[in-house]
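Subject: Handing over the structure

Hello,

Here is the structure I promised to pass on to you. Please open it next to this email, and then read on for what turned up.

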Amino acid sequence: MKKYLILTLALIFAMAFFTACACDDDTVVTDGPAVDISVDPPADDEPDVPEIPDVVAPEPIPRPAGVLWSLSTDMYIQALEVGARNEDVVEASPVVYEAGSPRLTIEEGPNGNAIGISARNATHYTIDIVTSEMDWDFANNSYIMVVTGVLSEDATLIIGGADNPWSWLSYGDFAGGATDYDGNNFRVALVLESPECLEAAGNRQHIRIQTNCTSDFVINDIVIATHTSAAFPRPDDVVYSLSTDPLVQLLDVGFFETRDYNMVLAAPLLGAAGGPRIDVVEGPYGNALNIRNRMGNWYALDIVSELVPWNLDENSYTVTVRGHLDNPGGTFIIGGADNPWTWLANDYADEDGNFEITHVITSEDDLADAGRRGWIRLQSNDTEHFTIYDLVIARQ
């Protein structure tokens, strides 16, 4: 009897187990409470999303043909506000590098933004130029680097190397304080003829602009440009000529400029006297320069003498100018650019207005006759337009 009772209970438990575990496709699943997902969260719960300001890239500044780089056309430096300090200056341009820990300040200069250098606890507290950013072509060209600016005190301005052996590559002694009419009181040039010239600056090939003391100074401009080119061969005895100056000959006929500071067409050896308009025109020897809109007879063209590679201890030189006066029979003058405004040489143009005039320079005294700076002015004795076909400075 007990046996049957146990079997009956086991059967009942088994049936209950299978009923509970069976899968029934008709099983009804009850939904939970509905959620209205269309309702926005309360405004106080919205996260604050910061506005991202638009980053405006600096506008490129036109750079004359043959100029690799210049401070006055560096779009990053020129886009800075006057008064900008170190971080902005050195982080702006890939070409400008901070040496030591000076105070660098963007200032107004004659050619745009200039860089003031102060708080110089050592002579090397200044800026370097990163030459690896330049597109050098030493196989076909040589280059010239010209630095202009203002010294606060009498000092030696040095273009040098930024690494051991800290070479002085070029330098000049200048009085501090008062500036010339072009807004500068120093101008130093360095000619770079080969890659070895860059290697002389040290391992990094940075070129340092500094003084021999710790006084403040301002760099108004730095121009690195083509000096000579295989495309415009120059005779061995010629140290400069307009007809072989790449910075003039690479320009398009019709190009013109009107500016009253001394970097005509970015050709460092030529300076504008006054504020004439200078047009590039066709001439018998290539591109020529037409000088117009002359408000005075001294609105003319200057030769920046300190950039001419004179060697007056061993040679004398001829300065020959060929050109055309719009006033036939007028007088063309090779003269001094400073008081006492000496006429060094002069001659009349012919009946067609053409002229050729030569002045011989044999000593430093001849340059001193041109005035305090020794600059040589090319002008006429009236305010009519004139054209310089060629300017040749040659060793005798």
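In which loop is proline 165 found? Proline 165 is in the loop between strand E7 (155–161) and E8. Helices (H or I, at least four residues) and strands (E, at least two) are DSSP runs, numbered from the N terminus.

Before going further, please keep in mind that this is a predicted model, in which local features need pLDDT of at least 70 and side-chain atom pairs count only at pLDDT 80 or more, while totals for chains, interfaces and linings use all residues. Residues are numbered from 1 along each chain as its sequence is written, and side-chain values use heavy atoms, with hydrogens and water left out.

Back to that loop. The peptide bond between asparagine 164 and proline 165 is cis, with omega about 15°. Tryptophan 166 is found in the loop between E7 and E8 too, and has a positive phi of about 55° although it is not a glycine. Tryptophan 166 counts as partly exposed because its relative accessibility is 49% (buried means under 20% relative accessible area, exposed over 50%, partly exposed in between, with a 1.4 Å probe and protein chains only).

There is another cis peptide bond, joining asparagine 339 and proline 340, with omega about 20°. Proline 340 lies in the loop between strand E19 (331–336) and E20. A positive phi also occurs in alanine 119, where the value is near 50°. Alanine 119 sits in the loop between strand E4 (112–118) and E5 and, at 32% relative accessibility, is partly exposed.

Now for the sheets. Strands of a sheet pair through backbone hydrogen bonds, either parallel or antiparallel. Here, two strands pair if DSSP finds at least two bridges between them.

Four bridges hold E2 and strand E5 (residues 126–130) in an antiparallel pair, and glutamate 98 stands opposite isoleucine 127 in E5.

Valine 95 is in the loop between helix H3 (86–92) and strand E2 (96–99). Valine 95 counts as buried because its relative accessible area is 5%. Leaving out residues up to four places away in sequence, valine 95 touches Trp69, Asp128, Ile129, Val130, Glu133 and Met134 (contact means heavy atoms within 4.5 Å). Valine 95 and tryptophan 69 are 26 residues apart in sequence, and their C-alpha atoms are 8.7 Å apart in space.

A further open sheet has five strands in the order E14-E17-E22-E19-E20, and the pairing is antiparallel. Strand E14 (270–273) and strand E20 (343–348) are the edges, each pairing on one side only. Within this sheet, three bridges join strand E17 (residues 300–303) to strand E22 (residues 376–380), and isoleucine 303 has isoleucine 376 as its bridge partner in E22.

Do look at strand E18 (residues 317–325) as well: eight of its nine residues are buried, so E18 is largely enclosed by the rest of the structure. E18 pairs antiparallel with strand E21 (residues 354–361) over eight bridges, and valine 319 stands opposite histidine 359 in E21. Nine bridges join E18 to strand E23 (residues 386–395), also antiparallel, where threonine 320 has valine 392 as its bridge partner.

Finally, aspartate 279 belongs to strand E15 (residues 277–283) and is buried at 11% relative accessibility. Its side chain makes a polar contact with the side chain of arginine 277 (2.7 Å). By a polar contact I mean a pair of N or O atoms within 3.5 Å; within protein, one must be able to donate a hydrogen and the other to accept it, and residues adjacent in sequence count only if both atoms are side-chain atoms.

Enjoy exploring, and write back with any questions.

Best wishes
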